[in-house]
Amino acid sequence: MPESALEIAERVLQAAAGEEAVVVAHVERSGLARFAGAEVHQPTLIDNAVVELSVVREGRVGVAVGNRLDSDGLAELARRATEAAASMSPDPELPPPAPPAEFPEADGFDEETAALTPHEQAELASSAIGAADGFPVYGYFTSGACEQAVAATTGLRAGQRFTDATVLVLAAAEGASGYAERTSWKVTELDTAATARESVWIAGRTREADELEPETYRAVLEPYAVSELLEYFSWDSFNGLGLLEERSYFSGRMGQRVFDEKVSIADDALDPRGLPKAFDFEGVPKRRVPLIENGVARGVVWDRSTAARAGNGQESTGHALPASARKWGALPMSLDMAPGEAESPEALAELVGDGIYVTRLHYLGIVEPREGVITGMTRDGTFRVRAGQPAEPLVNLRFTVSVPELLSDVLGLTRRRLLVNQSEFYDERYPTAALVPALATACFTVTGTGSGPGV
Amino acid sequence: MRDLCSSAVEAALAAGASYADARAVVRRSQAVGTKNGRVDDLSDVETEGIGVRVLVGGAWGFACDRRLEQDAARQTAERACDFARAAPGGHDRALAAIEPQQGAYRTEVVRDPFDVPLSEKVELCLRAEEALRHENVNVTQAALRAQRERKVLVSSDGAELEHELVECGGGIDAIAVGDGRYQIRSYPSGHVGSSAQAGWEYVEGLALEREAPRVAEQAAALLRADPCPAGVTTIVVDAEQMQLQVHESVGHPTELDRIYGTEAAYAGTSFLKPGDLGALRYGSPLMNITADATTPGGVGTFGWDDEGVPAARKPVVVEGVLRGFLTSRETSAKIGSGTGGSMRADGWSRMPLVRMTNLHLEPGHGPVEALIADVDEGVYLETNKSWSIDDKRLNFQFGTQIAWEIKNGRLGRMLRDATYTGITHIFWGSLDGVADPEAWRMHGLTNCEKGQPGQHAHVYHGAAPARFRNVQVGVHA
């Protein structure tokens, strides 16, 4: 039996004997078959185990990360963490490591997904390519099994396993492109061929795209677009550190009506329809955190440090990042937007009447964090909506929107929600996703036009 | 590490690979950050492992393992071959031929950044932050970084190469908040400062303390500044923002793997086609862009790329005409020109991709004051704040931290929340002035993202301030 993440974490704690310490151990085994045209061109198999040791000395924290797990490697890790701690200036507000806790059930591990072989991963990519029936497709199939443990000298011991699988398909030819993706912690819930067919079907409707005059339009946003806008908005606005530093839109607005009453947003890592996690990188239990309830700002997410700084009895909500990234604050990584009543995105088009239909966004940039202003492009399925129906295709549109304005006049949301992958698989694998509906808004500002669809 | 890589290559060839390369990498990164007078980041990351890339029946395979051990190296090679064998597709890949390469490359440093005590780094951050103090500045922060990467590349084409690359850098930010506004000023560039492949002397030369009072004063002043008005006007763009303009609208679109579509699902493709080489007018005759993997101090500098192709200096745009692409051995073979030289991988656990190295806008003539003097009405834009560009790298929109109105050839009032937008080839076609080498600056970015799974690349850009006519500014929600 390979050593578990918790066993590795215990060994790291022993290597740091004599110090107050927290250890996060992360074990990954994953495969990603990336394809372009009809060929896999970037196949990547990863086997890794990484440990992060935080040594705490009289209000000072030093962090060292490494993946050499023999006794010499761990001794060196402890030396580097201790040296770092000694160089810190003391922080009187620094909270101690998290105490032991009861952890919630978070069922996010699937044996079948974990057991996928490289050959099977390649076959699942192949099935997407084959289902496109000769239409060029670009994307990937990936699956991974990860194990994470947090152990601390306070007696804290936490361990969890999670799996994830994603198929992403861009169908693209000259002047035409469509997009679809599916993600789950159970590979059996993905239909890679159907995902490819959906992408090809969208692409087939995008030829001979028209331009559009820049102005504010009513718009239908598919879940892919909703997920990405919420993700970028959340980095500053749903982040406890953002609130403390007043770059959050909710600074001075907590408890106020900020969005349309149809909008409710939470962060819920325990929902089995998402990618469940039981605890964060400090070993604090996950819980559902209401962020927006019926349009009213109810909260943001916190880690132990930002919660301590906030005072007023604020506790961590279980949203700490790894210690080496904690300077960015606490982030919601399981966004959950409440559904509405619309039967489908097409029903939302009826509510829009005259406007546009957006499948997916590209390369977002935060223009003004405090006002939630974000720019980006639409991509792979942008259409005009006329008389309540999706109509002629449009070229990729430059938009510059205030997310709060966009969410302040919501015409409707779909009953069905989609789990949208938010991982780009940089660094160690920690899969995240948002569970969101499609949405219709009265306020989507187009500020320019770009290239047409396709490659 | 060389023996491990050789074993991995042998194992791959024995398992049926027609080509194999193995990279063993040990990378150590150190980050020190302070905010509002307290240390808020002190981390030391060291990871190691081996990555093996193979061609089996014309299909790529790649696998990696953290263990730098003989058994692990051979097993990794075999797994890579298995994955390649399972890959769907017709597979007809060729690599441009290169001479077998052997050698070693090391960054020249005066003071190794890892010999600098952490306490000295913390002190430097705190002193720089102290110099940022201002009654209207709410958040001050300073950050320093250092990295050492040792890597060995062995390939079945005869490459036996060693690198020891040392980088360091840093930067400061002042953030002012008031009346519902949030303004940031940074030095020497936005987004965690600037880095170079050099010793600690680079960080000392940044003079963070010296620049801090100006940075803080400007952040505070931005709270009182007028917003940049909307309109079509002449802009003069400072060297730092020009570097990002080059990165996004020239660097990425000239990556030949994007042009062939392999990044289509994520980063996007390009408005360029292979047949545009030597024919496409990219911009005005003042536009000269060079890819130079030999630039002293560049974080994209190396002896050989991650396929074993020697570093070189190559023209990309000459007098406004497209003259070169950024390539790999595979894409060079496909286009029938060159031998590659831009393949770089993020550590041991990722496949090499076509990446920028050091990409520069060559300087022009005259001081920046002369560029401004020839503007009746316009805007001077400085330091990147936000960026976005479409999937073919045509429609872009950038925001800068600060701007000034230009009236009758002189800088006037300060402006906040400035943005400008355009279409790449039209924008570069409107270039009508680039300042001289005196105004030419280089900065290193560490956050260039590409690939699935994702990879960060460190890239370096040089540019001087440049002037563009008839540009849309002041885009608002």
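Helices, of at least four residues, and strands, of at least two, are DSSP runs numbered from the N terminus. On that basis, A:Glu246 of this predicted model lies in the loop between helix H7 (240-244) and strand E8 (265-267) of chain A. The phi angle of A:Glu246 is near 60°, a positive value in a residue other than glycine.

**Interface between chains A and B**

The contact draws 88 residues from chain A and 82 residues from chain B. Together the two chains bury about 7200 Å², and carbon and sulfur atoms account for 52% of that area. Between chain B and chain A there are 11 salt bridges. One of these pairs A:Arg68 with B:Glu48, with 4.0 Å between the closest N and O atoms.

On the side of chain B that touches chain A, strand E2 (residues 38-56) of chain B contributes the largest share, 11 residues. The residues on that side comprise 32 nonpolar, 25 polar and 25 charged.

Strand pairing also crosses between the chains: strand E2 (residues 39-57) of chain A and strand E3 (residues 59-65) of chain B run parallel and are joined by 3 bridges. Within this pairing, A:Leu45 stands opposite B:Ala63 in E3(B).

**A six-stranded sheet in chain B**

Chain B holds an open sheet of 6 strands in the order E13-E12-E11-E16-E23-E22, with mixed pairing. Strand E13 (321-322) and strand E22 (441-450) of chain B each have a single partner strand, so one side of each is left without a neighbour in the sheet. In general, the strands of a sheet pair through backbone hydrogen bonds, in either a parallel or an antiparallel sense.

E22(B) pairs with strand E23 (residues 455-463) of chain B in the antiparallel sense over 8 bridges. In this pairing, B:His443 has B:His461 in E23(B) as its bridge partner. Helix H6 (residues 239-251) of chain B lies across strand E11 (289-292), strand E12 (313-318), strand E16 (358-361), E22 and E23 of chain B, and runs at about 40° to E22(B).

| Residues joined | Peptide bond | Omega |
|---|---|---|
| B:Tyr187 and B:Pro188 | cis | about 0° |
| B:Gln452 and B:Pro453 | cis | about 0° |

B:Pro188 lies in the loop between strand E7 (181-187) and strand E8 (194-196) of chain B. B:Pro453 lies in the loop between E22 and E23 of chain B, two strands that pair in the antiparallel sense.

Note on methods. Residues numbered from 1 in each chain as written. Chains lettered and ligands numbered in written order. Predicted model: local features only at pLDDT ≥ 70, side-chain atom pairs only at ≥ 80, totals over all residues. Heavy atoms only, no water. Contact = heavy atoms within 4.5 Å. Buried area = accessible area lost by both parts, 1.4 Å probe. Salt bridge = Lys/Arg side-chain N within 4 Å of Asp/Glu carboxyl O. Nonpolar A, V, L, I, M, F, W, Y, C, P; charged D, E, K, R; others polar. Pairing = 2+ DSSP bridges. Axes fitted to C-alpha atoms, helices over the stretch in contact; angles between N-to-C directions.
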